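Please look over the structure shown here and read the briefing that follows alongside it, topic by topic.

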Amino acid sequence: MDLAVHCLGSALACSLDPIEIVIHEDGSLTPADRERLARELPGSRVVDRRVADAMMRERLARHPAAAKFRAGSVWGLKLLDVALLEGGDCFYVDGDIRFFRPFRGLFCREAVAGGSVFLRDTVWAAYSVRPWHLLDKRGLRVCDAINTGLTLIDRAAYDLDFVDWFLQQPDWRVIDAWTEPTCWAALALRGRGRAVHPDDVTNLYPSARVTAATVGAHFLSAHRRFFTAELAQPLLHTAPPVTVRLEPLGRLGPFGLGFSQLKRKLGNEWRRRRPN
C-alpha cells in the first residue's frame, strides 16, 4: 500500500496529460485502505473486485478461455479487466512505477492511437512460449521483449476474440505467470506496437541507473532493495517537462527468443551456484 500510494501519487504529480487514478483491487483492500487511497490520491476511485467479477462474467460470456484464465489467475485482471471495464482507451500502470519529473505524451490519445505502448525490457523476454511455438502453423508472432508494468492500448486495437484464441492454446503457457505479457506481446504486433525509450522509463535491474534525465522507473520486486534511495528521492517539480519518447516494436523471432531464454537459464544457474 505504501509503495502504490507513493508511486501513483508521483504519476498524478508529474503527468502533464490529465489523468484520473482508477484502482482495480484484487479483493484484499480494507476499509482503512480505501480511506487512505481517497485521502492521498485525490480524485481516485476503486473498482471493487465483486463488482468487477459480476461485470466481467457478462463481458466474457462468449469467451470461455478468457473467463477461465481470469478465474484462475490474478494476471487475468491485468490482461482483461483493465482493458474491458473502462470506456475508451486503456492506460494501465503498475503500482511500483515511480515518476521523478514533469512529463507529457504518455497518458494521452496520441500515444495509443491505432496501437499499444509498453515498457521495453532490455534484459530478456519474459514470455510463456518456447522458440518452436513461433514456427508452427498456428502463426503466433510476438514483439521484441516488453514489460507490461506499463500497458497502454487503443480500445479498438484490443481484440478479445484473439485473446480468447491465444488462451485456448495450453502449450503456449509453459510459464503460466508469463501468459499475460506474452498475450500482450502478440497483440502488439497486430497494431502499432511501441515501447517507451528505456532511458525515459527504465526497468530497474541491478545494472540500471536513475539519472537526472530519467522520467520514471519500474521498481521490480526482485531488485527493489537495491534502489531504496532512488525510490525516496524528491520530485523534480521545477525541471523542464519531458516528452516521453516512443519507439516502434519489431518482431521477436525464434532465435532471439531462444537466446533470451538460454541467457536467463544460465543466469539463474549462476545465481543458484554462487556462494552466499
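At 28% relative accessibility, Trp165 counts as partly exposed, a class lying between buried (under 20% relative accessible area) and exposed (over 50%), as computed with a 1.4 Å probe on protein chains only. This is a predicted model, in which local features need pLDDT of at least 70 and side-chain atom pairs count only at pLDDT 80 or more, while totals for chains, interfaces and linings use all residues. Residues are numbered from 1 along each chain as its sequence is written, and side-chain values use heavy atoms, with hydrogens and water left out.

**Trp165**

- Trp165 is found in helix H7, which spans residues 160–167; helices (H or I, at least four residues) and strands (E, at least two) are DSSP runs, numbered from the N terminus.
- Leaving aside neighbours within four places in sequence, Trp165 is in contact (heavy atoms within 4.5 Å) with Arg138 and Trp172.
- Gly95 lies 70 residues from Trp165 along the chain, and the C-alpha atoms of these two residues are separated by 29 Å.

**Asn147**

- Asn147 has its place in strand S8, residues 146–153, and counts as buried because its relative accessibility is 14%.
- The side chains of Asn147 and His218 are joined by a polar contact of 3.2 Å, a term for a pair of N or O atoms within 3.5 Å in which, within protein, one must be able to donate a hydrogen and the other to accept it, residues adjacent in sequence counting only if both atoms are side-chain atoms.
- When residues up to four places away in sequence are not counted, Asn147 touches Phe118, Leu119, Asp121, Asn203, His218 and Leu220.

**Cysteines**

- The structure holds zero disulfides, a disulfide being a pair of cysteine sulfur atoms within 2.5 Å.
- For Cys14, the closest cysteine sulfur is that of Cys7, which at 11 Å is too far for a bond; Cys14 counts as buried, at 2% relative accessibility.
- Cys143 is likewise in no disulfide, with the sulfur of Cys183, the nearest cysteine sulfur, 11 Å away, and Cys143 counts as buried at 0% relative accessibility.
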